[in-house]
Amino acid sequence: QVELVESGGGSVQAGGSLRLSCTASRYTHSSLCMAWFRQAPGKEREGVAVIYTGGGNTLYADSLKGRFTISQANAKNSAYLQMTNLQPEDTAMYYCAAWTCYSDSSFRSWGKYDDINWGQGTQVTVSS
């Protein structure tokens, strides 16, 4: 089972930036998808960005394009989320997720039908 360790959350003022990191260990398949989801109090969890580590392909939530960037380390077992121009509505618990991407549809469906491994979450708080 994949183990995920996240870091990089914190508190910033509106307009600021943060970089989240997630490292996956104990994965045995080379076709790994890694993603960031977030959940604000009282709201449903939503996908932020996903990357296919086998090829570097990325997907973003439409509302976050241009402000958030997902990337991977050369070792391909770590994913990063660079967040810029943060706004109070970005305040949420951010979760790293990883699953084995057996197909393009697994990547494009954000792992909806796959066995997803979750990190413990890291809090991001943006004040106005």
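Predicted model: local features only at pLDDT ≥ 70, side-chain atom pairs only at ≥ 80, totals over all residues.
Residues are numbered from 1 along each chain as its sequence is written, and side-chain values use heavy atoms, with hydrogens and water left out.

Back to our pair. Strand S3 covers residues 18-25, and five bridges join it to S1 in an antiparallel arrangement. Strands themselves are DSSP runs of E with at least two residues, helices are runs of H or I with at least four, and both are numbered from the N terminus.

Now, which strand does S3 pair with over six bridges? That is S8, again in the antiparallel sense. Here Ser21 stands opposite Tyr80 in S8.

Four strands form an open sheet, in the order S1-S3-S8-S7, with antiparallel pairing. S1 (3-7) and S7 (68-72) are at the edges with a single partner strand each, so one side of each has no neighbour in the sheet. From one strand to the next, the twist averages 15°; the axes behind that angle are lines fitted to C-alpha atoms, and angles run from 0 to 180 degrees between N-to-C directions.

Let's zoom in on S8, which spans residues 78-83 and includes Ser78. Is Ser78 buried or exposed? Its relative accessibility is 7%, so Ser78 counts as buried; buried means under 20% relative accessible area, exposed over 50%, and partly exposed in between, with a 1.4 Å probe and protein chains only. The side chains of Ser78 and Thr23 make a polar contact of 3.1 Å. A polar contact here is a pair of N or O atoms within 3.5 Å; within protein, one must be able to donate a hydrogen and the other to accept it, and residues adjacent in sequence count only if both atoms are side-chain atoms. Beyond its neighbours within four places in sequence, Ser78 is in contact with residues including Cys22, Met34 and Ser71, where contact means heavy atoms within 4.5 Å.

Next stop, Thr122, which sits in strand S11 (residues 122-127). Thr122 is buried as well, because its relative accessible area is 10%. What does the side chain of Thr122 reach at 3.2 Å? The answer is the backbone nitrogen of Gly9. Leaving out residues up to four places away in sequence, Thr122 also touches Glu6, Leu20 and Trp36, among others.

Now for the loops. Between S8 and strand S9 (92-100) we find Asn85, and Asp90 belongs to the loop between S8 and S9 too. Asn85 has a relative accessibility of 40% and therefore counts as partly exposed, whereas Asp90 is buried at 1%. The side chain of Asp90 makes a polar contact of 2.9 Å with the side chain of Arg38. Asp90 is also in contact with Asn85, and with Leu64 and Val124, among others.

Most residues other than glycine have a negative phi. Asn85 is not a glycine, yet has a positive phi of about 45°. Trp110 has a positive phi too, about 55°, and is not a glycine either. You'll find Trp110 in the loop between helix H1 (104-108) and strand S10 (117-118), and at 18% relative accessibility Trp110 counts as buried.

Finally, let's step back to the whole protein. How many helices and strands are there? There is one helix, along with 11 strands. The radius of gyration, taken over C-alpha atoms, is 14 Å, close to the 14 Å that the globule rule gives for 128 residues, so the protein is as compact as a globular protein of that length; that rule is 2.2 Å times the number of residues to the power 0.38. Along the principal axes, the C-alpha atoms fill a box of roughly 40 × 25 × 25 Å. Buried residues make up 47% of the 128.

Definitions and conventions
Pairing = 2+ DSSP bridges.
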